[in-house]
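Subject: Structure handover

Hello,

Here is the structure I said I would pass on. Please open it beside this message, and read my notes on it below.

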Amino acid sequence: MATTTFYTKQRCNWIEGRDAKVDEVMREWMHKFCSFQDVKICVSTFNVNGKSPLSSFSGWFSQKREDIAEFYAVGLQEMDLSVGTYIIDNTKKMEGWVDAIHNSLPGGRTHYNVVGSMRLVGIFVIVFQATHSQVRVSDVNVKYVATGISVLVNKLGNKGGTAISMKMNDTWVCFVNAHFAAGNNELERRNQDFRDIYNDVVFYPRSQQEGYRDRPLEVPVMCLYDHDVVFWFGDLNYRLNTDLYGISNDDVRRIASSDKFGDLLQYCQLREQMARGTVFKDFEEPATLPFRPTYKYDCGTSIWDTSEKGRVPAWTDRILTFKKYPQVGLELIRPMESVEAITISDHKPVRALFNLKVKKINESGANSVYEEAIREADRRANEELPQVQLSSNEVDFGIVNYLEPKTRSVIVQNVGKSKVRFSFKVRPNAQNNQEICEKWLMVTPTHYQIPQGSSMEINLTVSISTDIVRRIQDILRNGQLQEILVLHLENGRDYFIPVTAIYNNSCFGSTLEKLLTIRPKKEVNLIDFEDFADNLPSDDCPQDIPRVIYRLVSALRVRGAKQLNIVEELDNEVFNRIRSALETGQPDDLSQLASSYMLYSALIRLLDSLDEPIIMEGMFKIIHKEMIKYRNDARQLWTTVRSSLPKPNQAVLELLCLMLREFFSQNYELRGQLSLWATVLFRHDSMDEKTHGMYPTVLQTMCDYAPDVSLG
C-alpha cells in the first residue's frame with residue numbers, strides 16, 4: 001500500500017514558515033545548522049502622565065557593566081495629554097522624550113542608534129541598538145492599533161498599542177507597548193483591548209513578499225504569535241481585587257508600603273485573567289515582582305495618591321514575554337525592577353534585563369538536512385492525525401448592545417495522539433487573507449497549536465462599534481446577526497460553528513428622522529421605531545430636534561464648560577447608564593446622572609453613529625464645497641445651511657453651535673476641540689490635507705456668529 005504524504009512536492013531549499021510540520025522537525029535539529037549568539041535586551045515601560053521630560057534621567061537604566069544591554073526597548077504611555085495632540089500631530093514632546101531616553105542610556109546617545117519607533121498619540125515605542133553590536137537587524141516593520149469604542153472617542157481616551165517587528169540575525173522579535181483601559185470597573189474593556197491589539201497587529205515582512213506581487217491575497221503575513229519572541233509591556237491598567245475580600249484601601253497602602261507587598265499579587269486581576277486563559281495565553285511573567293506597586297503616586301513624590309479619588313495602589317505597569325516554542329533561549333537575567341527615584345509621574349518606570357540566544361542559520365547546512373526533515377515530517381503526519389472535541393458546536397450571544405462588547409468562549413480539547421494546529425478559514429469573498437468573519441465578531445486566537453492532552457479557550461466577542469452600527473440594517477439577516485466560523489485542523493477536518501446574536505436597536509446608529517419619532521419606553525425592551533406613544537413628555541424640546549439630542553445638550557449647558565475635563569478617563573459602565581436613560585426617558589434630568597465629560601462623549605458618540613452626518617455632503621459634495629468656499633463668511637454659511645440642509649439637520653446644527661459658542665466663551669481652550677467637532681459633523685476625509693484644516697474654520701465661523709445675527 002502506498003504511503004499517504006502531505007509533502008508531495010519536494011523542494012531543495014528550506015524556507016521557514018512554508019510547512020509547519022517540517023519546521024517542527026527542523027527546530028528539533030537546529031543544532032545541526034544554526035549558531036547562536038547571546039544578546040542582552042533591556043525592556044522598560046513608563047507612563048509619564050503627560051509630563052515634559054528632563055534632559056536625561058539618572059538611574060532609569062543600570063550603568064553597571066554587567067547590566068549594559070545591546071538593545072533597549074522603551075515604551076511610554078500618556079506621553080502627551082494636551083488637547084491639540086488628539087487632533088494635530090504635534091511631535092515636539094515626542095522628540096523631547098526621545099532625546100531624554102537616548103541621553104539616559106549607558107554611555108549616552110553616542111553609543112546607541114535608533115532601530116525603529118512608532119507613536120499613537122501618547123503611546124510610543126522605540127528600540128535602540130548599540131553601535132558596537134554585531135547583530136544584523138533586518139525587516140524592521142512598525143504598526144499601531146487604536147483601541148476603545150470608536151476612533152473619535154479613542155482620540156479622547158488615548159488607548160491602544162504600538163509595535164515594532166524585526167529580525168535579529170534569523171530570530172524574529174516583536175516589541176509591543178500598550179495602554180489599556182483605566183478604571184476599577186473596566187476589566188472586560190482591558191481584556192478587549194488585548195484582543196484588539198492581538199488581532200490587529202499584523203506585519204508584512206519585506207523579505208517574504210518576493211514572488212507574491214501577482215497574488216495579493218496570498219501575501220504572507222506575520223502575526224504576533226508568529227514571532228520567535230514577543231515582549232509585551234506597558235500600562236496594562238489591571239488592578240487589585242482586594243475589595244472583593246474586604247481589604248480596604250488603607251490596608252492595601254499599609255501592606256504595599258511594607259516588606260509584605262508581594263502578598264498583594266494574589267489579588268492581581270492580570271494574574272487571575274492569565275490563569276483563566278482569557279488574555280496573554282502562553283505569555284510569562286516572573287512569579288514574584290520584587291518591587292512595590294507602580295501606581296498611583298503624587299507627582300514629584302513616592303507618596304500614595306492623596307487626591308480626592310485616592311486610587312488604590314496596583315501593579316499597572318508590566319512586562320510579559322512569549323516564546324513561540326520551547327527551544328527559544330530567552331532568560332530574565334536580573335529581577336525586574338521599578339525605578340522609585342524617578343518621581344516626575346504618578347507611575348514608576350519598570351525595567352527588565354533579558355538574554356536572548358539569537359540564531360544564525362547556515363543555509364547550506366539547513367538545506368542539507370531539509371529533505372530528510374520532509375521525510376520525517378511525512379512519517380509523523382501519517383501516524384498522527386489530529387482529533388479534537390469542542391465544548392460547544394454553536395454560540396448564541398442573545399441580546400447585544402451598541403458599544404457593549406459581549407464575550408463567549410469555546411473550548412477546543414486535543415483528544416488525539418499528537419499536537420494539533422488549528423486556524424479559522426478565511427470567509428468567502430474576504431477582502432484580504434485574514435478576514436475570517438464579519439467585523440462585528442472578533443475571534444481570539446485565530447490560530448494556535450494545542451499540545452497533546454491539552455485544551456485551548458477560544459474567545460468570541462461581539463462588539464457593535466460605530467462603523468458597524470451605521471450599517472447594521474445591511475448586516476442583519478432575518479433580524480439577527482449571523483456568522484459561521486470554519487475551524488480548520490491542519491491535516492484534518494473542518495468544524496463549522498454557527499454564531500448568532502440579536503441586536504438591541506437604540507437611539508445610537510439611527511437616523512435623525514427616526515430619532516424624531518422615538519418616545520421613551522416605560523420598560524426596557526427592544527426599541528421599535530414605529531411603535532411610540534402619542535404624547536411627548538412635557539418639556540421644551542423644539543419640534544425639529546430629536547429629544548435624545550436635546551436632553552444631552554441641555555444637560556451639558558446646565559453643567560457648563562467649567563466642569564468639562566476632556567482628559568478624564570472614559571467609563572463604559574456610566575455610558576451604558578446614559579444610553580439607558582436616553583432610551584427609557586428615566587431619569588429625565590441627565591445633568592446629575594454623569595460627569596460633564598461622559599455626557600459630552602455620549603453626545604459625540606450619538607452624532608457620530610448616525611447613518612449620515614449632520615452636515616451632509618450633497619451631490620458631488622456641493623454643500624461641503626460651498627461651505628469651504630465661504631468658510632469666513634457667516635452670512636453665506638448660514639444661508640447655505642438653511643437652503644441646503646433638511647429642517648432637522650438645520651435645527652440640530654444651530655443647537656450644537658449655540659452650545660459650543662457658550663462653551664468657548666466659558667473656556668477658551670475648548671476651541672482646540674473644533675477639529676474633533678468638525679470631523680463629527682462633516683465626516684470629511686481626514687487624509688485630504690488640502691481641506692482638512694478648512695472644516696474647523698467653517699465650524700468656528702458658525703459658532704462665532706449665530707444665524708439670527710448673521711442673517712439679520
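Arginine 408 has leucine 460 in β22 as its bridge partner. Strand β18 (residues 406-414) and strand β22 (residues 455-462) pair in the antiparallel sense over eight bridges; two strands count as paired if DSSP finds at least two bridges between them. In general, the strands of a sheet pair through backbone hydrogen bonds, either parallel or antiparallel.

This is a predicted model, in which local features need pLDDT of at least 70 and side-chain atom pairs count only at pLDDT 80 or more, while totals for chains, interfaces and linings use all residues. Residues are numbered from 1 along each chain as its sequence is written, and side-chain values use heavy atoms, with hydrogens and water left out.

The open sheet has four strands in the order β16-β18-β22-β20, with antiparallel pairing. Its edge strands, β16 (388-390) and β20 (441-444), each pair on one side only. Helix α4 (residues 187-200) packs on this sheet and touches β18, β20 and β22. Contact means heavy atoms within 4.5 Å.

Now the helices. α13 (residues 596-609) has 14 residues and reaches 20 Å from its first C-alpha to its last, close to the 20 Å expected; the expected span is 1.5 Å times one less than the number of residues. In α13, 14 of 14 residues are buried (under 20% relative accessible area; exposed is over 50%, partly exposed in between, with a 1.4 Å probe and protein chains only).

Leucine 516 lies in helix α10 (residues 512-517). Because its relative accessible area is 25%, leucine 516 counts as partly exposed. Beyond its neighbours within four places in sequence, leucine 516 is in contact with Gln543, Asp544, Ile545, Pro546 and Pro648.

How many disulfides does a search of the whole structure find? It finds zero, a disulfide being a pair of cysteine sulfur atoms within 2.5 Å. Cysteine 34 counts as buried because its relative accessibility is 13%, and cysteine 507 is buried at 2%.

Last, confidence. The mean pLDDT of the protein is 88, and 89% of its residues reach 70 or more; pLDDT is the predictor's confidence in each residue, from 0 to 100. Over residues 1-10 the pLDDT stays under 50, and over residues 521-538 it is below 50.

Regards

Note on methods:
Helices (H or I, at least four residues) and strands (E, at least two) are DSSP runs, numbered from the N terminus. Axes are lines fitted to C-alpha atoms, for helices over the stretch in contact, and angles run from 0 to 180 degrees between N-to-C directions.
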